[in-house]
Amino acid sequence: MDGIALLTITVLAVFVGFEVVSKVSSTLHTPLMSGANAIHGIILVGAIIVAGQATDPWVLAVALLAVVLATANLVGGFVVTDRMLHMFHAKKDAVEPKGGSK
């Protein structure tokens, strides 16, 4: 494929991805993030494999950049998911009785 076709596919994928994600209700964001984290884990493994088999220096540089960005995306996704899940936990002060019953 030539560069114009690859650029066109990338731009269309960005628009489709934005439209799909923007239509998701707020109650489904946590499961969506968990699924996205699984996909980012697969992307990270693929980037590591490409970096391990790279023979040209520029391919190695791009592959290592992909590893760094995929790692940041994966870790950030888990941090956001963890924060979202903590929003659903009850606060300890509200659950424990006040004044004690001893």
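Trainee: Which residues of α3 are buried?
Mentor: In α3 the buried ones are Ala63, Val67, Ala70, Leu74, Gly77, Thr81 and Met84. Buried means under 20% relative accessible area, exposed is over 50%, and partly exposed is in between, with a 1.4 Å probe and protein chains only. Helices here are DSSP runs of H or I with at least four residues, strands are E runs of at least two, and numbering goes from the N terminus.

Trainee: And is this an experimental structure or a predicted one?
Mentor: This is a predicted model, where local features need pLDDT of at least 70, side-chain atom pairs count only at pLDDT 80 or more, and totals for chains, interfaces and linings use all residues. Residues are numbered from 1 along each chain as its sequence is written, and side-chain values use heavy atoms, with hydrogens and water left out.

Trainee: Okay, back to α3. What is its span from first C-alpha to last?
Mentor: α3 has 30 residues and reaches 44 Å, close to the 44 Å expected at 1.5 Å a residue. The expected span is 1.5 Å times one less than the number of residues.

Trainee: Which residues make up the largest nonpolar core?
Mentor: Five of them: Leu44, Ala47, Val67, Ala70 and Leu74. α2 and α3 (57–86) each supply at least two residues of this core, and the largest share, three residues, comes from α3. A nonpolar core is a set of buried Ala, Val, Leu, Ile, Met, Phe, Trp, Tyr and Cys residues joined through side-chain atoms within 4.5 Å.

Trainee: What does alanine 70 touch?
Mentor: Ile43 and Leu44, leaving aside residues up to four places away in sequence. Contact means heavy atoms within 4.5 Å.

Trainee: And isoleucine 48, where does that lie?
Mentor: Isoleucine 48 lies in helix α2 (residues 29–53), and is partly exposed at 47% relative accessible area. Its C-alpha is 9.8 Å from that of alanine 70, which is 22 residues apart from isoleucine 48 along the chain.

Trainee: Switching topic: how many salt bridges are there?
Mentor: The count is one. Lysine 23 and glutamate 19 meet through their side chains, at 3.3 Å from N to O. The rule wants a side-chain nitrogen of Lys or Arg within 4 Å of a carboxyl oxygen of Asp or Glu.

Trainee: Are those two buried or exposed?
Mentor: Lysine 23 is exposed, at 63% relative accessibility, while glutamate 19 is partly exposed, at 40%.

Trainee: Which residues form the nonpolar patch on the surface?
Mentor: Val16, Val20, Val21 and Leu32, with about 330 Å² of accessible area together. Helix α1 (residues 3–22) gives the largest share, three residues. Valine 16 sits in α1 and is exposed, with 52% relative accessible area. Patches take residues with over 30% relative accessible area and no salt bridge, joining like charges within 9 Å and nonpolar side chains (Val, Leu, Ile, Met, Phe, Trp, Tyr) within 5 Å. The areas come from the Shrake-Rupley method with a 1.4 Å probe, and for residues only the protein chains shown count as cover.

Trainee: Last one, what does the secondary structure of the chain come to?
Mentor: Four helices and zero strands. Of the 102 residues, 14% count as buried.
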